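Subject: Structure handover

Hi,

Here is the structure for you to look through. My notes on it follow below.

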Amino acid sequence: MPEQSPLELAEGDPFGPHNLPYGVFTTADQPERRRLGVRVGGHVLDAGAAAHALGSPYAALLDQPGLNPLMAAGRTAWRDVRRALTAWVTVPAHRPDIEPLLHPLGAVTMHLPYEVADYVDFYASEHHATNVGRIFRPDGDALTPNWKHLPIGYHGRAGTIVVSGTDVTRPSGQRKAPSDPAPVFGPSVKLDIEAEVGFVVGTPSRQGSPVELASFRDHVFGLSLLNDWSARDIQAWEYVPLGPFLGKSFATSVSAWVTPLEALDAARVAPPARTHDLLPYLDDADEEEPGGFDLRISVSLNGRVISEPPFSTMYWTAAQQLAHMTVNGASLRTGDLFASGTVSGGRREERGSFLELTWNGTEPLELPDGKRTFLEDGDEITLTAWAPGPDGTRVGLGEVTGRIVAG
Ligand SMILES: O=C(O)/C=C/C(=O)CC(=O)CC(=O)O
Ligand SMILES: [Ca+2]
Ligand SMILES: [Mg+2]
């Protein structure tokens with residue numbers, strides 16, 4: 001019997017031709033040569049080599065060590081390249097050219113797929129913000145007065161974003177519990193995760209020109225799963241009044257795969273009903289396209305699912321976040337990454353952080369190997385997700401994984 005082609009995928013494969021996420025890989029025989037790849041089932045297609053083999057006009061965009069040139073090329077190029085890739089992996093006549101350029105995922109090393117420019121992190125889940133407000137500020141209102149009027153965010157540290165699979169060293173820092181007489185220094189004892197989705201900018205914008213809600217698709221290339229590792233003890237002491245700093249800047253993990261927005265057309269949903277009138281630049285009531293995404297996230301600790309945060313519950317949309325972060329005229333650069341904020345649903349088993357899952361350590365998770373409050377050295381956290389695709393298919397978003405090592 002002839003060997004089955006890697007292009008003949010099982011029915012319902014979440015990495016079929018309806019998905020085609022981008023990544024950057026190296027092979028063992030050429031560990032220094034980073035190449036742009038596209039995931040097809042359990043393989044990665046060497047996109048540059050495929051473009052050359054087929055005489056494609058997109059070879060200059062695809063024969064690259066990273067995604068930046070394609071991201072900068074703009075929406076029409078994104079659509080055309082995706083059409084070409086779809087044909088390359090589906091038209092039988094291309095098989096003899098394409099098949100030799102497919103590498104099994106187990107035989108490649110994945111890298112950060114683009115150079116991160118600026119990094120911004122939002123705070124867009126009403127459930128998360130309410131929980132964190134109750135925990136950190138028990139004497140005040142859970143939501144701050146501005147929360148329903150603008151998507152709150154802060155600028156993070158672009159240079160410490162790492163690709164899935166990278167170990168995370170437990171950070172040290174200052175902490176001071178309210179009952180402590182003075183601050184102490186040492187390894188964080190409240191190391192946590194935040195299950196998030198990161199949106200990456202392709203097309204830049206000019207300084208002084210805000211990006212409107214309706215221009216979201218012209219600028220945003222795609223999205224990835226993201227874990228915003230957070231040291232809650234460092235954060236709780238340092239954040240007043242300027243916000244998160246060292247408690248969140250030591251490492252942020254992203255998936256090796258960037259899913260193009262076009263692959264998620266069937267996953268667009270309306271965000272939750274707005275409870276407050278919005279200023280015109282944020283008012284999405286009359287937008288043609290619903291601003292939410294129906295992404296079903298799953299969080300695992302050492303291989304066991306501990307939470308399933310639903311992204312569809314996010315109050316602020318990525319388009320509103322983009323409009324807000326540019327409304328003052330701040331420009332966008334190719335590679336700017338903005339994260340959604342922790343995704344938490346309304347139920348306990350939908351919370352996207354240990355802070356919330358264990359109520360700041362006061363209600364430990366009961367796991368087969370004992371009670372758990374925050375992360376221990378050796379723990380491995382994996383986020384996965386899928387979204388509805390066309391015709392009842394699923395779009396896999398890959399995974400972001402990281403293991404805690406002692407500091
Ligand atoms: O309310 C606070 O003091 C801060 C809460 C956070 O941890 C902010 C954050 O990282 C935003 C998010 O991921 O939703
Ligand atoms: Ca965060
Ligand atoms: Mg972080």
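To start with one residue: does D391 count as buried or exposed? D391 counts as exposed, because there are 7 C-beta neighbours inside 10 Å, and 20 or more would be needed for a buried residue. D391 sits in the loop between strand 25 and strand 26 (394-405). Its phi is near 55°, a positive value in a residue other than glycine.

Please keep in mind that this is a predicted model. The values below are computed from it.

**Domains**

The domain assignment gives domain 1 (22-111) and domain 2 (119-405). Their centres, taken over C-alpha atoms, are separated by 29 Å. Where they meet, 14 residues of domain 1 are in contact with 14 residues of domain 2. On the domain 1 side, the elements that give two or more residues are strand 1 (22-27), helix 3 (68-72), helix 4 (75-90) and strand 5 (108-111).

**Ligand 1**

The shell around ligand 1 has 13 residues. The closest are Y123, V132, E194, G341 and T342. Helix 6 (residues 126-136) gives the most to this shell, with three residues.

**The core**

In soluble globular proteins, nonpolar side chains tend to be buried together. Here the largest nonpolar core has 102 residues. Which residues have the most contacts inside it? They are L45, L295 and L322. This core draws at least three residues from each of domain 1 (22-111) and domain 2 (119-405).

Take L295 as an example. Leaving aside neighbours within four places in sequence, L295 is in contact with V197, A267, F311, A385, A387 and L397.

L322 belongs to helix 9, where it is buried. Helix 9 (residues 318-326) is mostly covered: nine of its nine residues are buried. Among them are Q320, Q321, H324 and T326. What do the buried residues of helix 9 pack against? Their partners are strand 6 (119-122), strand 7 (153-155), strand 13 (195-201), helix 7 (216-219), strand 14 (220-227) and strand 22 (337-339).

One open sheet has five strands in the order 9-26-25-20-21, with mixed pairing. Why is one side of strand 9 and of strand 21 left without a neighbour in the sheet? Strand 9 (168-169) and strand 21 (304-307) stand at the edges and each has a single partner strand, so one side of each has no neighbour in the sheet.

Strands of a sheet pair through backbone hydrogen bonds, either parallel or antiparallel. Strand 20 (residues 296-301) and strand 25 (residues 380-388) pair in the antiparallel sense, over six bridges. V299 stands opposite L383 in strand 25.

**Loop residues to look up**

S56 is in the loop between helix 1 (47-53) and helix 2 (59-62). Is S56 buried or exposed? S56 is buried, because 20 other C-beta atoms lie within 10 Å and the cut-off for a buried residue is 20 or more. Leaving aside neighbours within four places in sequence, S56 is in contact with A51 and A84. The C-alpha atoms of S56 and K371 are separated by 56 Å. Along the chain, these two are 315 residues apart.

P241 is in the loop between helix 8 (232-238) and strand 16 (252-254). The peptide bond from V240 to P241 is cis, with omega near -5°.

W359 lies in the loop between helix 10 (354-357) and strand 23 (365-367). W359 has a positive phi of about 50° although it is not a glycine. It is partly exposed, with 16 other C-beta atoms within 10 Å. The C-alpha atoms of W359 and D13 are separated by 37 Å, and the two residues are 346 residues apart along the chain.

Best wishes

Conventions. Residues numbered from 1 in each chain as written. Chains lettered and ligands numbered in written order. Predicted model: local features only at pLDDT ≥ 70, side-chain atom pairs only at ≥ 80, totals over all residues. Near = placed C-beta within 6 Å. Helix = DSSP H or I, 4+ residues; strand = E, 2+ residues; numbered from the N terminus. Domains from an automatic or database assignment. Contact = placed C-beta atoms within 7 Å. Core = buried A, V, L, I, M, F, W, Y, C linked by C-beta atoms within 7 Å. Buried ≥ 20, exposed ≤ 12 C-beta atoms within 10 Å, placed from the backbone. Pairing = 2+ DSSP bridges.
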